[in-house]
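Reader: I have a few questions about how the terms are applied here. Could you take me through them one by one?

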Amino acid sequence: MSIHRVSLVYTWPVLILCLAAISVLANDESAQSQPSIEKPETITAEQWGTDPLPIPEERRHTPKFITIHHAGVDWVAGSDPYEKIRNLQAWGKKSVEDGGKDWPDLPYHFLIAPDGRIFEGRPVEYEPETNTNYDVNSHIGVQIWGNFQAQRVSPQQVASAVNLVAWLSQEYEVEDAQIGGHRDVAEDTTCPGADFYRYLEDGQFLGWVNQVRAGELPEIDLGPPLEDGPIEMIPLPE
Ligand SMILES: [Zn+2]
């Protein structure tokens, strides 16, 4: 038998096996057709002019939760989110004796302005900070500016929070049961405020997140004000 004849005999089975493998791979891809969620547009820490202190290595963590906050302070008309985020960082960095918190960087990883702009805060690979009593390790902190005990959350803020949470949960493989509000993990707070918490509580928020995951554009209708909740909409920055 010549060498050519041998190679020809063995080529056909190999070719058939290859074709079979390709078709299995192709089927596999179509079976898991969840579209990949793109990271929403953000204003990076560099863009708003961050000036953090080094965060100690022992504060690195593996994110498993997404925890949503409000600022708990009314958003005043005419406020500038760039100024607000720089002031929050500067105040937190001050020592406790000087009226600060001794925080090396912002207490949250993302902050959402009333017009829906998403600002990046502390790098996600480091645990956040809190004034309340819960273990912050493995939490991604998302803060929505405003006081939703006294102001209504804007539809732009909710839409940005939905897109951000959809992307974060994909990126860090956060389970739906681990997505919630600050008051779900700490007892001593009303955060993230009645007018936002209602959408977490009734499941609408997760429903909108699931629509984004399915590649759909959710129609976010915030409905009428709560009976004993705030009525005034948060003012939008100029
Ligand atoms: Zn909070």
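This is a predicted model: local features need pLDDT of at least 70, side-chain atom pairs count only at pLDDT 80 or more; totals for chains, interfaces and linings use all residues.

Reader: Where does Arg 183 sit, and what does Arg 183 touch?

Author: Arg 183 is found in helix α5. Setting aside residues up to four places away in sequence, Arg 183 touches Thr 189, Thr 190, Cys 191 and Tyr 197. Arg 183 and Tyr 197 are 14 residues apart along the chain, and their C-alpha atoms are separated by 8.8 Å.

Reader: Tyr 197 belongs to helix α6. Which residues of α6 are buried, and what do they pack against?

Author: In α6 (residues 194–201), the buried residues are Asp 195, Phe 196, Tyr 197 and Tyr 199. The buried residues of this helix pack against β1 (65–70), β4 (139–144), α4 (155–171), β5 (179–181), α5 (182–185) and α7 (204–213). After α6 comes Gly 203, with a positive phi near 85 degrees.

Reader: What makes up the largest nonpolar core, and which element gives the most to it?

Author: This core has 35 residues, and Val 142, Ala 161, Val 162 and Val 165 touch the most other members. Two or more residues come from each of β1, β2 (110–112), β4, α4, α6 and α7. The most come from α4, with seven residues. As for Val 162, its contacts beyond four places in sequence are Phe 205, Trp 208, Val 209, Val 212, Pro 218 and Ile 220.

Reader: What makes β3 and β5 edge strands?

Author: The five strands form an open sheet of mixed pairing, in the order β3-β2-β4-β1-β5. Both β3 (118–120) and β5 pair on one side only, and that makes them the edge strands. On average, neighbouring strands are turned by 25 degrees against each other, direction ignored.

Reader: How do you know that β2 and β3 pair?

Author: Pairing needs at least two bridges. β2 and β3 have three, in the antiparallel sense, so the two strands pair. Ile 112 stands opposite Ile 118 in β3. Helix α4 packs on this sheet, touching β1, β2, β3, β4 and β5, and its direction makes about 165 degrees with that of β4.

Note on methods: Residues are numbered from 1 along each chain as its sequence is written. A residue is buried if 20 or more other C-beta atoms lie within 10 Å of its own, exposed if 12 or fewer, and partly exposed in between; C-beta atoms are placed from the backbone. Helices (H or I, at least four residues) and strands (E, at least two) are DSSP runs, numbered from the N terminus. Two residues are in contact if their C-beta atoms, placed from the backbone, lie within 7 Å. A nonpolar core is a set of buried Ala, Val, Leu, Ile, Met, Phe, Trp, Tyr and Cys residues joined through C-beta atoms within 7 Å. Axes are lines fitted to C-alpha atoms, for helices over the stretch in contact, and angles run from 0 to 180 degrees between N-to-C directions.
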